[in-house]
Amino acid sequence: MPLLSALGGATWRLSGHLARHFSQTARRGERPGGEELSRLRLDDLAPTALSAGRLELLFGLSPCLLALRAARRRVARLLLQAGKSGVQGERAELLRAAEVRGIPVLRPRRQKLDALCRHQVHQGVCMEVSPLRPRPWTEAGEAKPGDDPQQLWLILEGLQDPRNLGAVLRSAYFLGVDKVITSRRNSCLLTPVVSKASAGAMEVMDVFFTDHLAGLLQAKTQQGWLVAGTVGCPRPEIPGSSEIPITSCLEFLWDQPTLLVLGNEGSGLSPEVQASCQLLLSILPGRQLPPGLESLNVSVAAGILLHSICSQRKGFPEEKKRGQHL
C-alpha cells in the first residue's frame, strides 16, 4: 500500500480500516498515520516469482550472507525484520552487499517473516532467490590419483532428510572434503532447509550429482581411487559384505585418493553400491548395544568418519598437535 503524503490542499483518499484509524488518532491528538501506516506499508509485500515457484525463500543469517558472498543465485529482494535492534555486524554487511548489487531491501514485521518461512528459525533475515541446483559430476573435473594422494570425495546415496544433508555438508566443508556427489534418485534437493541446516555451507560448496552411482564408483576404481563404503557395527549377517573387508575408521590409513560413500538414513548402502566398494568402514561403539541402536545418525557418523580420515592430512591442526607433542 503506497504511503500518501499530505500536500497543500490535497485530501486523503482513504477508506475502511485506515479511515477509522485516522479519525481515532486525530481525536487523540496524534499525527494521522504515523508509525502504524509505515508498518502497514512495509508489511504489504508485492507478489514476486516466489508464488509462481520460480524463486524460493532462503532464510537465516549465515545462509543469506554466504549466498550474497558466493553470488551463485539470483536475488530478487532481501527481507530484514523491522525493529531488530541495531543493524550492525553481519546484518550491516548484508545491507551493504545488497546495496552494491542493487537488491531491494524491505523491512517487514516478524509476523510476516514467520508466515513466509512457515515458522522456521529465520533470525530476522530472508531472501527471495533462484534455486540452487547440483551440477553433473562430469563437471567436477578429473583429479588424477598421482596429483595428490590425499584427495577425499564424499559420495551420498539416497539421503532424504534435508537437515541430515545440511549437517553432512557443513561437516564436509569444515573438515576439507574436496568434492561432494549425491545420487539424484531418492535424494533430497538443495532446499533452503538444507542451506539453513548447513549454516550456509551449501551456498559456497560445489555439490554434484550422478544418475548412476555404481558406474561412477567403478570408473574411479579403475582410475586408482579407493572406494570406502560405510556400515554400522560389523555383523556377520550384513548382506553382500562377506567378501568386503570391514575395518574401524580409527584403523583406516589414508594413503591414496578415496571416495567415502554414505548411504540412506534407514537402509544404508544399496547392494549394488556396496558391491562396488573395496573396503567398509565402521564406527565401533563404546558399549554393548541393544537391537535398534547399532548405528548412528548419518550426519553424526559423517562427522566422525570425516574427522578420523581428514585428521591424517598433512597440515591438519590435530596432526600439528601430535607432531609438537612428539
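**A walk through the predicted chain**

Of the 326 residues in the chain, 44% are buried (under 20% relative accessible area; exposed is over 50%, partly exposed in between, with a 1.4 Å probe and protein chains only). This is a predicted model: local features need pLDDT of at least 70, side-chain atom pairs count only at pLDDT 80 or more, and totals for chains, interfaces and linings use all residues. Residues are numbered from 1 along each chain as its sequence is written, and side-chain values use heavy atoms, with hydrogens and water left out.

The chain holds 12 helices and 12 strands. These are DSSP runs numbered from the N terminus: helices are H or I with at least four residues, strands are E with at least two. Take the contacts (heavy atoms within 4.5 Å) with a separation of 6 or more: 82% join residues 24 or more positions apart.

Now the surface. The chain has about 17600 Å² of accessible surface, and carbon and sulfur atoms own 52% of it. Such areas come from the Shrake-Rupley method with a 1.4 Å probe; for residues, only the protein chains shown count as cover. Leu-296, Val-300 and Ile-304 make a nonpolar patch of about 230 Å². Leu-296 sits in the loop between strand E12 (279-282) and helix H11 (298-310). Its relative accessibility is 46%, so Leu-296 counts as partly exposed.

Two loops deserve a look. Between helix H3 (61-70) and strand E2 (75-80) lies Ala-71. Ala-71 is not a glycine, yet its phi is positive, about 55°. Asn-186 lies in the loop between strand E7 (179-183) and helix H7 (192-197). Asn-186 also is no glycine, and has a positive phi of about 60°. Asn-186 counts as partly exposed because its relative accessibility is 46%.

Key
Patch = residues over 30% accessible without salt bridge, like charges linked within 9 Å, V, L, I, M, F, W, Y side chains within 5 Å. Salt bridge = Lys/Arg side-chain N within 4 Å of Asp/Glu carboxyl O.
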